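Open the structure in your viewer and keep the selection tool ready. We will go stop by stop.

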Amino acid sequence: MNASLPAVAIIGTGSMGGAILAGLRAPGVRLPGLRATTRSEASAAALRANGVEARATEHDSAANTWAVSDAGLVLLGVKPAQITTVLAELAPSLRPDALVVSVAAGITTAAMEDVVPNPVVRAMPNTPALIGRGVTGIAGGARATAAHLALADDLFRTVGTVVELPEAQIDALSTISGSGPAYVFLLIEELTRAAEAMGFEPDVAALLVQQTFSGAALLLEATGEEPAELRRRVTSPKGTTERAIAVLQEAQLATVFERAARAAQERARELAAGA
Ligand SMILES: NC(=O)C1=CN([C@@H]2O[C@H](COP(=O)(O)OP(=O)(O)OC[C@H]3O[C@@H](n4cnc5c(N)ncnc54)[C@H](OP(=O)(O)O)[C@@H]3O)[C@@H](O)[C@H]2O)C=CC1
Ligand SMILES: O=C(O)[C@@H]1CCC=N1
C-alpha cells in the first residue's frame, strides 16, 4: 500500500481506532505525524510501548486537543454517544482545514457538522482492518469535497477495500459488513460447539472449524465462483451434505439474517437519536 497522508490524530484508539492505527504504520504509508489518544493511561501506555505518540484523557485533560493541534486528518474512534461531546471539546483546537472522519455507528455527518465548522466524512469499517483485510463504507457530509473523500479513501485503503456510497446507506452497510464479522464468528462458535458434541476434543474441533471457514472464504476469493455454485459442488446428490443443508434451510437462515440486519439498522437509528 502506497499512500501519502497529512498528520493524523486518532481520538479513541480501541478496537477500531487501533486497527486503523496499525494500517497507518504499515510500510509504504507516509505521514508527517501520528498522535493517538485513549481514555485510560493503561491503554495509552500500551500504545507508547509500541512506539506510538499517545496520551490519555484520564489524568490529562489536554490530551485530545494536543493530538489534533497539528493534524490535517482527525479520526474519531470513540463510542457513538461520545462523538458530539468529544467534537465540542476539540472544536477550538482543530485546524480549520482538518478533515474529521468518524467511524461511529449511527452518528450522522449533519450532527457532527452542527458542532464543528470542518468538513466531515462518515465511515464504517470492520475489524478485519486489523490485518489489512477490512471493508469500509465512506460518505461525505455537506462540506466534504471530492478531495476530502479521496483523502478518506486513502486512509481506509491502508486497511483494506473502500466503497463510497450515499450517507443514507451507511447504516445498512454497517448491518452487513460492519457487524458481519460478528455473525461469522457466531457461526464459527456454533459449528465448533456442534463438533464438540460430535465427540471431538476442543482443540481439534476448533482446528476443523477454523480451517473450514478460512479455506471456504479463500476458495470463494481464489475461484471467483458464485457461493451457490461452490455449495453445489460440496452437496453431492443424495449425499450427506444435502441432509444437513435441508435442516439449515428449515431454520430459515435467509430470513434470520435479514431480520438480524434490520434489527441492527434499527439500533443505528436509536444511536443517532442519542439512545
Ligand atoms: N468494533 C467494531 O467492529 C466497529 C466499531 N465501530 C465504531 O468504532 C467506535 C469505537 O468502537 P470500538 O473500537 O469497538 O470501541 P473501544 O471501546 O474498543 O474503543 C474506544 C476507545 O475510545 C477511548 N476513549 C474513550 N473515551 C475517550 C475520550 N474522551 N477521549 C479519547 N479516547 C477515549 C477508549 O479508551 P480506553 O482504551 O482507555 O478505554 C478506547 O481506546 C464506535 O463508535 C463504534 O461504533 C465502527 C465499525 C466497527
Ligand atoms: O456494534 C457496533 O455498534 C459497531 C458498529 C458495527 C460494528 N460494531
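Which feature does UniProt place at residues 8-106? The unreviewed entry gives "domain: Pyrroline-5-carboxylate reductase catalytic N-terminal" for that stretch. Remember as you look that this is a predicted model.

Stop 1: Select residues 8-106. This stretch is 33% helix and 23% strand. Its end C-alpha atoms sit 23 Å apart.

Click on Ile11. It is found in strand E2, residues 8-11. Is Ile11 buried or exposed? A residue is buried when 20 or more other C-beta atoms lie within 10 Å of its own. Ile11 has 29 C-beta neighbours inside 10 Å, so it counts as buried. Leaving out residues up to four places away in sequence, Ile11 touches several others, including Thr37, Asn64, Leu76 and Val86.

Next, click on Gly14. It lies in the loop between E2 and H1. Gly14 is partly exposed, because 14 other C-beta atoms lie within 10 Å.

**Stop 2: ligand 1.** Select ligand 1 and show what surrounds it. How many residues surround ligand 1? There are 28, and the closest are Gly12, Gly14, Ser40, Ser43 and Ala104. Helix H1 (15-24) and strand E4 (34-38) each supply at least two residues of this shell. H1 gives the most, with three residues. By type, the shell divides into 10 nonpolar, 16 polar and two charged residues.

**Stop 3: ligand 2.** Move to ligand 2. Ala105, Ser174, Gly178 and Ser179 surround it. That shell has one nonpolar residue, three polar and no charged.

**Stop 4: strand E9.** Select residues 134-140. This is strand E9, and seven of its seven residues are buried. Gly134, Thr136, Ile138 and Gly140 point one way. Val135, Gly137 and Ala139 point the other way.

E8 and E9 pair in the antiparallel sense over four bridges. Find Ala123: its bridge partner in E9 is Ile138.

Finally, trace the chain from E9 through helix H6 (residues 146-157) to E10. This β-α-β crossover is right-handed.

Notes:
Residues numbered from 1 in each chain as written. Chains lettered and ligands numbered in written order. Predicted model: local features only at pLDDT ≥ 70, side-chain atom pairs only at ≥ 80, totals over all residues. UniProt positions renumbered as here; feature names shortened; annotations may be inferred. Near = placed C-beta within 6 Å. Nonpolar A, V, L, I, M, F, W, Y, C, P; charged D, E, K, R; others polar. Buried ≥ 20, exposed ≤ 12 C-beta atoms within 10 Å, placed from the backbone. Pairing = 2+ DSSP bridges. Right-handed = clockwise from strand over helix to strand, strands pointing away. Contact = placed C-beta atoms within 7 Å.
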